[in-house]
Amino acid sequence: MMATKRGPARAERPRWPYFGAPQKRLVFAGFGIWIGTALPWFIFRPLGISHYASPLAASWVLWAGLMALAGAVARWRILALLSALAGGATALYIGFWQMLLILQRCGFDLQLRCFPGPGVLVVQVAALVVLFQGWRLFQGLRAG
């Protein structure tokens, strides 16, 4: 039997994730942002009312989740980094803005009659995960 040699033209292509675990975690964090968009963002306990994100906020947060997913599949490290930073920063900003609107509507009292729902909290946690993975991608950029 003859052994086959691999020439430079048949070099193996890199497999996903191209830049290690941070890129893989961006997939889960991006989907976490999307799931948070679908959950209630505001709960008013005495009346049992729960509201979802405003349409404009929801569209921006869905875009942020899409940017995180784009960073997860990018083959260039700088593009993955910029996508993660854009998606994470947008989701964190919109979540923080919505949280302030909820607290203003409730009057900043510390009662449990009016509080942010799970959606805005999930979006903010997932956005922090996206930003942390972007930081990990940046550290890899500096190292290599």
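Axes are lines fitted to C-alpha atoms, for helices over the stretch in contact, and angles run from 0 to 180 degrees between N-to-C directions. Helices here are DSSP runs (H or I, at least four residues), numbered from the N terminus.

A word on the model: it's predicted, so local features need pLDDT of at least 70 and side-chain atom pairs count only at pLDDT 80 or more, while totals for chains, interfaces and linings use all residues. Residues are numbered from 1 along each chain as its sequence is written, and side-chain values use heavy atoms, with hydrogens and water left out.

**Exercise 1.** Work out how helix 3 and helix 4 are arranged.

Step 1: take the angle, about 155°, and the distance between the axes, 8 Å.
Step 2: compare with the cut-offs: under 35 degrees is roughly parallel, over 145 roughly antiparallel, 65 to 115 roughly perpendicular, and the rest oblique.
Step 3: helix 3 and helix 4 are therefore roughly antiparallel.
Step 4: sort the contact residues (contact means heavy atoms within 4.5 Å) by class: 20 nonpolar, 6 polar and 1 charged. Ala, Val, Leu, Ile, Met, Phe, Trp, Tyr, Cys and Pro count as nonpolar, Asp, Glu, Lys and Arg as charged, and the others, Gly among them, as polar.

**Exercise 2.** Describe how helix 1 packs against helix 2.

Step 1: the axes of helix 1 (residues 21–38) and helix 2 (residues 55–73) come within 7 Å and cross at roughly 165°.
Step 2: this pair is therefore roughly antiparallel, and the crossing is left-handed.
Step 3: look at who touches whom: helix 1 brings residues including Leu 26, Phe 31 and Trp 34, and helix 2 brings residues including Val 61, Leu 62 and Leu 69.
Step 4: the class count is 14 nonpolar, 5 polar and no charged residues.

**Exercise 3.** Now do helix 1 with helix 4.

Step 1: helix 4 covers residues 118–143, and its axis lies 8 Å from that of helix 1, at an angle of about 160°.
Step 2: that makes the two roughly antiparallel, and again the crossing is left-handed.
Step 3: the tally is 11 nonpolar, 6 polar and 2 charged.

**Exercise 4.** Find which helix gives the most to the lining of the largest pocket.

Step 1: list some lining residues, including Trp 41, His 51, Trp 97 and Arg 105.
Step 2: helix 3 (residues 77–106) gives the most, with 5 residues.
Step 3: by class, the lining has 7 nonpolar, 3 polar and 1 charged residues.

Definitions and conventions:
A crossing is left-handed if the near helix is turned anticlockwise from the far one by less than a right angle, and right-handed if clockwise. On a 1 Å grid over the protein atoms alone, a cavity is a set of points where a 1.4 Å probe fits but cannot get out, and a pocket is an open set with protein on both sides within 12 Å along at least five of seven lines; lining residues have an atom within 4 Å of a point.
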